[in-house]
Amino acid sequence: MSTDNAASPTSPLRHFHAVIPAGGVGTRLWPLSRAAAPKFLHDLTGSGSTLLRATFDRLEPLAGNRVLVVTGVAHRAAVCRQLPEVGEDELVLESEPKDSGAAIGLAAAILHRRNPDTIMGSFAADQVISPDNLFQDTVREAIYTAAAGKIVTIGIKPTHPSTGFGYIRTGDSLNIDSAPNAHSVVEFVEKPSEVIAKKYLETGDYVWNAGMFVAPVSLMLKHLEANQPTLFAGLQEIADAWDTPQRDEVTARVWPTLPKIAIDYAVAEPAAAAGDVAVVPGTFRWDDVGDFAAIGRLNSAGDVDEVTVLGEGARVFTENASGVVVSDTKRVIALIGIKDVVIVDTPDALLVTTKEHAQRVKGAVDALKASGDTDVL
């Protein structure tokens, strides 16, 4: 951890502005997570804090009140309720989802227009991280690395050969003051097979790509312009009007025309090929809560027998059973002689599956959408 004083006028920490993209429905967590109430608005860890609130609280010691939230128009009221500290100037509303390239790119363009020296950090609203102090130490190193002229990704040291995450291949140490763990990035690699994932672990050169970026906004926009000129031009037009009375008119006209692309493809991968990307590995615990099996891993406090129970006032009886129960009703749920079950009970939809098949919930959502049953999505 750096000994540099953040109050010093020359400290890069003074230029740090956090960005929280709060998008995505989390279809593998249906019927708990839905279009109107996506997973970041829920407390999925039994901590008493929603994922969004926990993300904000983790970043506040680093960013203070400099936290920009990018979310959908439909979630404005819920986000404002959960984060009353976030003012109008720090809320970016998307009329329709356009993937992370547009969301993070617009945040970068707005922040650059306000102060071109800004170092932005993008941290998704739907991840579970602990302990906070290790996360904050890693982000500080990333800020110093960004100040040295790099787009920095925070990698997670793998705990097992996961086939569900992308990986980052790390290169040489960058020898940056106040960032002893910063390394160059050789390449980003897609989700591997189990055999390849095991090889990655054995080399010790690979970390999971958690989708967290810290970068000078000027460098972010430079690579966006070089690789996605149409997207860059549209975002620039919106950013130019953002702090003016023309914001709504320009955004309504330009946003729907923007191409959909992930920030990894729009910026990170081409920038890595140009030698402009660094990685700081994090040793904190991290989970993207991708399915109900993850909720079982993350929760133990509410266990009844070997069953993880989530939900205020949930009424669950178990005998010789294991698994996860999420209840949004007052209905009594009795589990007898059943192993690794996943039950999600809401007033208008019931999910019953197993931890092994938890990833397949997305298929049920796709089928419901195709059959026109959108009232439960």
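Visitor: What distance separates the centres of domain 1 and domain 2?
Guide: Going by C-alpha atoms, the two centres are 30 Å apart. Keep in mind that this is a predicted model.

Visitor: And where does each domain run?
Guide: The domain assignment puts domain 1 at 12–287 and domain 2 at 292–371.

Visitor: How many residues of each are in contact with the other?
Guide: On the domain 1 side there are 14, and they meet 19 residues of domain 2. The two domains bury about 1,600 Å² between them, with carbon and sulfur atoms giving 65% of that area.

Visitor: Which residues in domain 1 lose the most area there?
Guide: That's R28, W30 and D287, which together make up 39% of what the domain 1 side buries.

Visitor: How many salt bridges cross that interface?
Guide: Zero by the rule used.

Visitor: OK, new topic. How many residues does helix α4 have?
Guide: Helix α4 has 16, covering residues 132–147. From first C-alpha to last it reaches 23 Å, close to the expected 22 Å.

Visitor: Which of its residues are buried?
Guide: The list starts with F135 and Q136, then runs T138, V139, R140, E141, A142, I143, Y144, T145 and A146.

Visitor: What about phi at G149, positive or negative?
Guide: Positive, near 95°, and G149 follows α4.

Terms used: Residues are numbered from 1 along each chain as its sequence is written. This is a predicted model: local features need pLDDT of at least 70, side-chain atom pairs count only at pLDDT 80 or more; totals for chains, interfaces and linings use all residues. Side-chain values use heavy atoms; hydrogens and water are left out. Helices (H or I, at least four residues) and strands (E, at least two) are DSSP runs, numbered from the N terminus. The expected span of a helix is 1.5 Å times one less than its number of residues. Buried means under 20% relative accessible area, exposed over 50%, partly exposed in between (1.4 Å probe, protein chains only). Domain bounds come from an automatic or database domain assignment. Contact means heavy atoms within 4.5 Å. Buried area is the accessible area (1.4 Å probe) that two parts lose on being put together, summed over both. A salt bridge is a side-chain nitrogen of Lys or Arg within 4 Å of a carboxyl oxygen of Asp or Glu.
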